Amino acid sequence: MASSSSGGSGSGSEMQRTAQHRISVIAGHLRRPAEGDVAVRAEECKAPQSRLEASGDGRTVPMKRHEVMKWNGWGYSDSRFLFNKKGQAEFTGKRYKLSGMILPALKDWFEGTFGASLQHKSPATPLLNTSAVQAPTLNQDFVEELKSIGVPFSHEAEDRAFRGHGHCLHEIFALREGKIGRVPDMVVWPNCHNDVEKIVALACKHNVCLIPYGGGTSVSSALECPPEETRSIVSLDTSQMNRILWIDEKNLTAHVEAGIIGQDLERLLNESGYCTGHEPDSMEFSSLGGWVSTRASGMKKNIYGNIEDLVVHIKMVTPQGVIEKSCQGPRMSTGPDIHHFILGSEGTLGVVTEVTMKIRPVPEYQKYGSVVFPNFEQGVACLREVAKQRCAPASIRLMDNEQFMFGHALKPQVSSIFTSFLDGLKKFYITKFKGFDPSRLCVATLLFEGNREKVLQHEKQVYDIAAKFGGLAAGEDNGQRGYMLTFVIAYLRDLGMDYYVIAESFETSVPWDRVLDVCRNVKARVVRECKDKGVQFSPLSSCRVTQTYDAGACVYFYFAFNYRGLSDPVHVYEQVEHAAREEILANGGSLSHHHGVGKLRKEWMRETVSEVGVGMLQSVKDYVDPKNIFGNRNLL
Amino acid sequence: VSYKDLRGMKDDEFVDILEERRCSSDLGHAFRTFNPQPYKGGPPCSAADLNKALLDSHFLHRVVKEVAMETGSSQEKVMEEAGEILVEMSHNLHLPFIRLMGYTFSKVIKRLFTSIFVNMDGLNTLQQAVQENPVILMPNHRSYVDFLIISYILFTYDIPVPVIAAGVPLAEMKIVGEILRRSGAFFIRRSIGSDKLYWAVLSEYVRGIVRHGFAPVEFYVEGLRSRTLKSLTPKLGMMQMVLEPYFKGEVFDITLVPISISYDRVLEESLLARELLGVPKPKESTAGLLKASRVLQEDYGSMQVNFGQPLSVRKLCEGKINRSYYNLVPRDLPMKPSAEALACVSWLAHVVVGLQERGSLISPWSLMACLLIQEPTTVLAEQGLLWDDLTEKTLWLRKMVLDFGARLNWPGEAPNSAVMSSAISLHRSIVYLKAGRVYLTQEEVPLRRHRISPEEGVFRTAVPVLMLAAYRNQSLHALVRPAMLAMSICITRSTQRDELFRFFCFLQEVFANEFIFIPGNLSQDFEEACLCLNSCGAVYISEQEVRVSEQSSEVITFLQKLLQPFIDSYQLIFRCVCEEEQVQVFTEKQFLAAVRALALKLILSGELHTYETLSSDTQKNVLSALCRLEAVAKSEINEFKVNKAAVRRITDALCKSRQGSITIFNYNYSVSSIIQVQLQLH
C-alpha cells in the first residue's frame with residue numbers, strides 16, 4: 001500500500017509514475033480512461049494566461065455524456081453488476097479493481113436480506129425513447145444570439161434528457177421505466193469564464209431560465225426542472241471548463257476552472273506532485289463547481305478540510321455581474337464572508353466559473369486499517385474519544401452491523417485455500433475466542449496519510465484508543481474493502497433495481513451526545529415506516545458514522561427494500577425517506593451535512609434556519625437575481 | 001387515534017393459571033427453567049451497572065453541584081447523600097428470590113382464590129413487545145395482592161419479570177421489604193416535596209431502567225390503592241419519568257401495557273370501607289401481615305388479570321409532541337418538560353386508566369350491587385329485597401351492560417340463578433339470602449354491649465353499604481357515560497343535543513375526580529353515551545335531538561338513580577360549605593369532620609338517604625372539585641378559603657330542576673356550627 005516519493009525533485013516521468021501509482025491507491029480502483037474516451041472538444045477560449053501543458057489532455061467527461069455513461073443509472077456504461085448464468089454476481093468492465101471479478105457471497109446476501117429472488121426480474125427500459133422527450137420550447141432570439149457568439153449547444157433529446165435529473169431514487173426509477181418529465185430545452189457548453197458571462201447576459205436579455213449542470217451527481221432533486229417554469233430552460237453544462245489554469249507552488253494554491261471533475265483534478269495535480277485531498281464519494285463524476293455550490297465534504301477532510309476550508313478564491317457569474325474577492329488573503333475580516341453566499345447556493349445565484357484552491361504535496365505514505373468493535377455503542381464511543389484527542393486519521397468511518405455484513409458479501413472469490421483458512425481463523429478468533437456477538441459487532445475503517453514514520457506512530461495511537469473500547473485490529477483488507485464499498489454502492493443500487501429492490505442513502509450531522517440516538521431511532525423509524533406502508537419484507541436499514549468533528553459527527557444512512565407487491569413503490573419510498581428526515585430533525589440532527597437541500601428538502605428550510613434566516617437568503621436572491629434567471633428553485 | 005380504536009377489544013381466551021398449580025408441584029414451578037427473551041435494543045446490563053451509570057451520570061453531577069451551591073455543603077457530601085438515597089431506593093432483582101417469591105405466592109393464592117384467569121393473547125403479545133421496546137406495565141391497584149401477581153404471571157410464562165415501583169413503607173417491613181427488593185421492587189418516598197436531590201436520583205434511576213431496557217417497569221399510575229374500587233385520577237410524576245426517554249429520543253419507542261385486575265371479592269373490602277369512614281389504615285408491617293393471615297381462611301372467588309393491547313407511545317404522541325424541544329440544550333441538563341409534554345403525559349395517563357377500566361371484567365355480583373344499592377338502606381336492612389325481583393333485574397341489567405359494550409365475567413356453564421346465588425354467598429359479609437329475600441348483613445353487636453348509640457348504628461350500617469357501593473363501582477365505567485346523559489336529560493328536561501351536551505360537559509367537569517375521563521374527549525364521550533342509550537332503545541337520536549322513548553323510561557330512571565348518590569353528596573357538601581358564616585378558612589381535617597357530622601345527623605333524621613356522603617373519598621373529591629373549579633382556594637399552608645358565590649353558582653347549575661329526590665336546601669347547617677359541635681363532643 002505504501003508509496004515513497006523522492007520528494008518532488010524527480011524527473012517528469014518519475015513524477016508521472018508516482019502519480020499513476022497514487023491514483024490506483026487513493027481511489028483504490030479508479031483507472032485512467034483510455035485515450036479514445038476523449039470526446040468532442042469545443043473551441044478553446046482565448047484566455048489571456050498561458051495554460052499548463054499537462055492540463056489539457058485526458059478529459060473524462062465528453063460533451064455527449066451518454067456516449068460513455070448510463071442514461072438511466074449510475075456511472076460508466078461498461079461497468080455494472082450482474083448475476084451471471086451460474087447465479088454469481090460479477091462486475092463488468094475494466095475500469096475498477098473489482099472489474100471482472102466474481103463475488104460469490106453476494107447472491108445469498110441479496111436474497112437473504114431482501115427476500116428477493118433471481119427469478120423475479122424488473123429490468124430497465126434499455127434505450128431512451130426520444131419521442132417520449134417533450135419537444136423543446138426554444139427562445140429563438142436567445143438561440144440566434146448564442147449562435148453568433150459561437151458557444152456550442154444542442155437541443156437533441158439525449159442531451160436534454162441526460163441533464164434533467166440527478167441520482168435520487170425517484171429520478172432513476174422513472175428513467176428506468178422510460179418516463180421523462182420536464183427536461184431542459186437546450187444544453188450549452190461554455191468553454192471558459194467569458195463564455196459564461198456572455199451566456200448569462202443573453203439569458204437575462206431574453207429572459208431564459210438557466211440551470212447550471214456540473215457532474216450531475218445531485219441527490220437532492222436539485223437538477224429537476226421546476227414543472228411550473230414556463231420559460232425556455234437552458235442547462236449550462238460546465239464540463240468543458242475543466243483546465244487547471246495555474247499552480248502556485250509558493251502559496252500552494254491552484255487556480256482551476258470549476259467544471260473539472262474530481263478524478264481529473266486529482267490526476268492532473270498528481271502529475272505535478274500535488275493533490276487537493278478533497279475526495280467526496282462522488283469524486284469520479286462530481287465537479288469542483290458542484291462542490292462549491294453544495295458545500296461538499298470529502299472523506300479526508302480531517303487532514304485537508306471540507307470545501308469551505310479549501311477554497312481561497314471563487315469567481316461566480318451572476319445576473320448582476322461577477323462576484324469575487326480582490327485578493328487571495330488566507331482570512332479576512334471584511335464583513336460576512338461573501339464566499340458563504342456562494343457556498344451552498346445550489347445554482348440559485350449564478351455559475352461558479354473559477355476557483356483557487358489550496359493544494360498539498362502528494363503524501364508519501366498511505367495505509368488502510370480497520371478495527372472490529374463488539375457493538376456499535378463501543379465504536380461510537382471510540383470515535384468520540386478519537387475526536388476528543390484530535391487524532392483522527394485522514395478518514396475514520398464506523399459501519400454498523402448490517403453494513404459490516406454487506407461488506408462481507410462483497411468479498412471477491414478467494415483464490416487460495418490458505419486465504420479462506422485464514423479468514424475462518426480470524427472469524428473464529430473474534431466470535432469465539434473474544435466472544436463478540438456476530439449480530440452486534442461492527443467495524444471501523446481507517447485511512448492514514450502522511451510521512452511513513454508519523455503514519456505508523458499515528459496508527460499506534462488510534463489502535464491504542466480503540467483497544468480501550470474493546471476494539472480489535474482487523475487488518476488492512478477490511479479497511480480497503482470498506483472504502484471500495486463507497487464507490488460501488490451506486491452501481492449496486494442499479495443491480496438491486498433489476499430485481500425489485502430499491503435503495504437510497506441520506507445523511508445528517510449531529511452532536512456527539514445524540515449520535516447513538518439518531519442512528520437507532522432513524523433506523524428503527526425506517527423499519528417501522530416500511531412495515532406500516534405495506535412493504536412485505538423487512539428492509540435493510542443501516543448507518544455509518546463517516547466523519548468526526550470536535551462537536552459532532554456526520555452520519556450516513558442506507559435503506560433498501562424489496563418492493564414486490566407494492567403498487568407505487570416510489571411513493572412508499574418517498575414517504576419513508578420523508579419520515580426518516582422528520583426523525584432526524586426531531587432527534588437533533590441537521591437537514592444535511594453535505595448533500596444539500598435542493599428541492600427535496602426545501603420544506604424544512606424554515607425550521608432549519610429560522611424565518612429571518614430564510615428572509616436573509618431570499619433578499620440576497622432578490623438582489624442578485626431579480627428576474628430569477630437561475631430558476632432551478634432550489635433551497636428557498 | 002380515536003379512543004375507540006384503542007380499545008381493540010375482542011373476547012380473548014382466558015385461562016385459569018391456578019389449574020396447573022393445583023395438579024403439579026409448586027416446587028417444580030419455582031425451579032422451572034426461566035429463560036425469557038430479553039429486550040433486543042441494547043446489550044444486557046446488571047442492576048449494579050445501572051446504579052453505577054446513575055452515580056456517574058452528568059445529569060446527577062449537575063444536580064449535585066447545584067444542590068451543594070444552594071445548601072452550602074460540599075459536593076462530596078451531597079454525592080454521598082445521593083448514594084444513600086439510591087441504596088434506599090434501588091431494587092436488587094435476583095432470580096433466586098423470584099423463585100422463592102413464586103413458591104410462596106403459589107401457596108398463598110391457591111388458598112385465597114378458586115381461580116386466576118389470565119388472557120393468553122395478552123401474554124403472547126407482551127412476550128413479543130418486551131423484545132422490541134422498553135415496556136411499562138400499568139396495572140390498576142385494588143388490593144395488596146396486585147403487588148406481585150404480575151411478576152408471578154410473567155415468571156410462569158417466561159417473560160422478563162418487572163421492576164416495580166413501591167412505597168417506602170413496604171421497604172421498611174422486616175425481611176419482607178428485602179424479599180420485595182430482591183423480587184424487583186424499588187422504593188419511593190411518599191412525600192418528596194421539593195427535595196431536589198431526591199427527585200434527581202429518582203427520575204434518573206427510572207429513566208436509566210427505561211433507557212437500558214433493563215426490565216419492564218411496573219407502576220400504578222393511580223398512585224395508590226383505590227379504596228372505592230373506582231379508578232383514581234392518575235398521578236403524573238412517575239408517568240413523566242418513564243416517558244421522558246422517549247421525548248428526548250433516547251429510545252425509539254416505549255410500549256405501555258394497561259393491565260386490568262379485577263376481583264370477585266377484594267381481600268381488604270371491610271378494611272377499605274372502615275378507612276373511608278375514618279378508621280386509620282394500619283401501617284404496613286411484617287407483624288401486621290402475619291396477623292392478617294386469618295384472611296387466608298376465607299374464600300375470595302376468582303381474580304381476573306387482563307393484559308391489554310400494547311400501546312406505542314410514539315404512535316399515540318404523533319402530532320402531540322415536538323421532540324426537537326430538547327435539541328438546543330445538552331442532553332443531561334436538568335430541564336422542566338414543556339407544557340406540551342406535560343399535557344401529553346396527562347393525556348396518556350388518562351388514556352391508560354380508561355383502558356384499564358374497559359379491560360376489566362364486570363362480575364355478576366357487581367351488577368347486583370348496582371341494583372341493591374338503589375334500594376333504600378332501611379328497606380334493605382329490615383324488609384329485604386325479593387330475590388326473584390333482584391335476579392330478574394340483574395338479568396335485565398346484564399343485557400343492557402352488554403349492549404353498552406362492556407366485558408362481563410358471567411360464567412357460561414352454570415344456570416343464571418346459580419351464578420347469582422353463589423355471588424350472594426361469596427359476599428355474605430355484605431348481604432345474605434333468607435326465605436326468598438336478600439338482606440343487608442350487619443355486624444353482630446358484641447355481647448358485652450347491650451346497647452349501641454344511634455351514631456354507632458349508622459356506622460354499622462355504613463360499612464356494608466360502602467362495601468356494596470365499592471362493588472357497584474366496578475361496573476360504573478361501563479355505565480357512567482350513558483348515566484350522565486340520562487342525568488342531563490332528567491335535569492335539563494331538554495331534547496336538544498346542544499343543551500344536553502353542555503350539561504354533560506358540566507357534569508364531567510364537576511365529577512372529574514369521581515369518574516376518570518380523557519381530557520379533550522368530551523364529544524366522543526357524549527357520542528358514546530348517545531349510542532349506548534340508543535342501543536338499548538332508551539332514546540332516539542337525530543342530528544339535533546336526543547329524545548327519550550316512552551316505553552324504555554326504566555333505563556333512564558335506573559341510570560339516573562345510579563348517579564343520584566353522587567349528586568346528593570355533592571350538593572350536601574356544597575351547601576355545607578356555603579352556609580358558612582363565621583369561619584372563612586378551614587383545614588381539610590376540619591372540613592371532613594364537619595361534613596361527616598352533618599351527614600350523620602341528616603341520615604339519622606332520615607333526610608339524607610345516601611351513606612356515601614360519609615365516605616372520606618367522596619368528601620375529598622368534592623374539595624378537589626371545588627378547588628379545580630376555583631370555587632375554593634387552597635393556601636400555601638394547606639388551608640382552604642371559600643368563594644361562596646362561585647359555589648352557589650355550581651350548586652344552582654346542578655339543581656336546575658329537582659324532582660323526586662331529597663331536598664336538602666332548607667337546613668341551616670354550616671361548617672362553623674358543626675365545628676363547634678365537634679369541639680363540644682371531644
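**Note on salt bridges and charge in a predicted two-chain model**

1. A:Asp517 and A:Arg520 both sit in helix 17 (residues 515-532) of chain A, three residues apart, about one turn of the helix. Helices (H or I, at least four residues) and strands (E, at least two) are DSSP runs, numbered from the N terminus. The two side chains form a salt bridge, with the closest N and O atoms 2.8 Å apart. A salt bridge here is a side-chain nitrogen of Lys or Arg within 4 Å of a carboxyl oxygen of Asp or Glu. A:Asp517 is buried at 7% relative accessibility; A:Arg520 is partly exposed at 27%. Buried means under 20% relative accessible area, exposed over 50%, partly exposed in between (1.4 Å probe, protein chains only).

2. The model is predicted: local features need pLDDT of at least 70, side-chain atom pairs count only at pLDDT 80 or more, and totals for chains, interfaces and linings use all residues. Residues are numbered from 1 along each chain as its sequence is written, chains are lettered from A and ligands numbered from 1 in the order in which they are written, and side-chain values use heavy atoms, with hydrogens and water left out.

3. Helix 15 (residues 452-468) of chain A holds both A:Asp464 and A:Lys460, four residues apart, about one turn of the helix. Their side chains meet in a salt bridge (2.8 Å, N to O). A:Asp464 is partly exposed at 39%, and A:Lys460 is exposed at 53%.

4. A:Lys300 and A:Glu449 also pair in a salt bridge (2.4 Å, N to O). This pair links distant parts of the chain, 149 residues apart: A:Lys300 is in the loop between helix 8 (288-294) and helix 9 (301-304) of chain A, A:Glu449 in strand 17 (residues 442-450) of chain A. A:Lys300 is buried, at 0% relative accessible area. A:Glu449 is buried too, at 10%.

5. The whole structure has 69 salt bridges over all chains. One network of salt bridges links A:Arg525, A:Glu529, A:Lys533, A:Glu583, B:Arg314 and B:Arg323.

6. UniProt, in an unreviewed entry, lists "domain: FAD-binding PCMH-type" at residues 180-362 of chain A. That span of chain A is 23% helix and 25% strand, with its end C-alpha atoms 44 Å apart. UniProt also lists "domain: Phospholipid/glycerol acyltransferase" (unreviewed entry) at residues 135-264 of chain B. Residues 135-264 of chain B are 38% helix and 19% strand, and the end C-alpha atoms lie 28 Å apart. UniProt positions are given in the numbering used here, feature names are shortened, and annotations may be inferred rather than shown by experiment.
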